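Thanks for coming, everyone. Let me put the structure up on the screen, and then we can walk through it together.

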Amino acid sequence: MKKLLHIVCSLLACLSIFLLPVKADNTDYVKDTYGLLTEQEQADLENTIQGIVDTYGVGLYIRLLPDMEGYSSIENYAEKVYKEEDLGIGEEKAGLMLIMEFYDRSYDLCAYGDTAHIAFTDYGKSVIEDAMLGHFKNSDWMDGFNAFITEAEYELEQSANGTPVDIEVASSETSTLTYVLMYSLAPILALIITVIIANKNKTKG
């Protein structure tokens with residue numbers, strides 16, 4: 001009887017492991033403790049982000065805060081926020097967070113996880129910055145956040161296709177265009193020079 005009871009208890013213990021709730025990914029994609037956004041604006045941003053997360057499995061987060069809580073480095077503060085809030089999708093916690101604090105007007109783009117680091121290179125993050133900062137300077141906050149989301153989605157798409165947005169890719173495309181222009185214009189320039197020389201010879205004759 002004791003042996004049977006022991007077996008039953010062991011089975012229940014094993015079963016309880018499978019019945020434990022799985023920790024869900026953090027879906028608080030937009031958090032505004034500074035008070036910049038309306039509830040509708042926040043909902044609109046989160047709905048847009050949710051579609052991207054469902055497609056690529058990488059979280060996009062916006063954090064708007066009044067200050068850095070005593071931190072002197074926005075990068076260190078961003079890492080602290082990302083980890084404390086348990087942000088990111090899947091086991092690798094893949095995500096990109098735009099964090100802004102309004103005391104010193106500092107911001108950071110914090111990528112986390114291998115998938116996010118591949119998609120959001122240093123050059124890629126600079127492209128995102130260029131897309132959104134012009135709006136922020138004019139206090140067009142929603143346009144800036146939408147620019148962040150749009151460019152991040154594009155870079156996720158490019159990465160999924162095997163061509164992450166990076167400076168090497170951009171340089172390669174520029175070089176290709178330069179060569180095409182050089183080789184296409186060379187015959188035209190040669191013809192122009194030939195005509196000029198011929199006209200000079202006619203004038204001398």
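Three bridges connect S1 and S2, and these two strands run parallel. One of the pairs is Lys31 with its bridge partner in S2, Arg63. When I say that two strands pair, I mean that DSSP finds at least two bridges between them. Helices (H or I, at least four residues) and strands (E, at least two) are DSSP runs, numbered from the N terminus.

A word on what you are looking at: this is a predicted model, where local features need pLDDT of at least 70 and side-chain atom pairs count only at pLDDT 80 or more, while totals for chains, interfaces and linings use all residues. Residues are numbered from 1 along each chain as its sequence is written, and side-chain values use heavy atoms, with hydrogens and water left out.

Let's carry on across the sheet. S2 pairs with S3 in the parallel sense, over seven bridges. Here Tyr61 has Met97 as its bridge partner in S3, and Leu65 stands opposite Glu101 in S3. Next, seven bridges join S3, residues 95-101, to S4, and this pair runs antiparallel. Met97 turns up again here, with Cys110 as its bridge partner in S4.

Put together, that is an open sheet of four strands in the order S1-S2-S3-S4, with mixed pairing. Strand S1 (30-32) and strand S4 (106-112) stand at the edges with a single partner strand each, so one side of each has no neighbour in the sheet. From one strand to the next, the twist averages 10°; axes are lines fitted to C-alpha atoms, for helices over the stretch in contact, and angles run from 0 to 180 degrees between N-to-C directions.

Seven of the seven residues of S3 are buried, so the rest of the structure largely encloses it. Gly95, Met97, Ile99 and Glu101 point one way, Leu96, Leu98 and Met100 point the other way, and all are buried.

Let me stop at Ile99, which is found in strand S3. Ile99 is buried, with a relative accessible area of 0%. What does Ile99 touch, not counting residues up to four places away in sequence? The list is Arg63, Leu65, Ile74, Tyr77, Ala78, Val81, Ser106, Tyr107 and Asp108, where contact means heavy atoms within 4.5 Å.

Several of those names lead us to helix H3, residues 74-84, where Ile74, Tyr77, Ala78, Lys80, Val81 and Tyr82 are buried. The buried residues of H3 pack against S2, S3 and S4. After H3 comes Asp86, with a positive phi near 55°.

On to the largest pocket, with a volume of about 160 Å³. For the definition, take a 1 Å grid over the protein atoms alone: a cavity is a set of points where a 1.4 Å probe fits but cannot get out, a pocket is an open set with protein on both sides within 12 Å along at least five of seven lines, and lining residues have an atom within 4 Å of a point. Grid points are joined across faces, edges and corners, and the volume is the space filled by probe spheres set on the points.

Which elements each supply at least two residues of the lining? They are S3, S4 and helix H5 (122-137), and H5 gives the most, with three residues. Among the lining residues are Met100, Glu101, Ser106, Tyr107, Leu133 and Trp141.

To finish, the whole protein. There are seven helices and four strands, and from the N terminus on the elements run α-β-α-β-α-β-β-α-α-α-α. Of the 205 residues, 32% count as buried. Among contacts with a separation of 6 or more, residues 24 or more positions apart account for 62%.

Technical notes: Buried means under 20% relative accessible area, exposed over 50%, partly exposed in between (1.4 Å probe, protein chains only).
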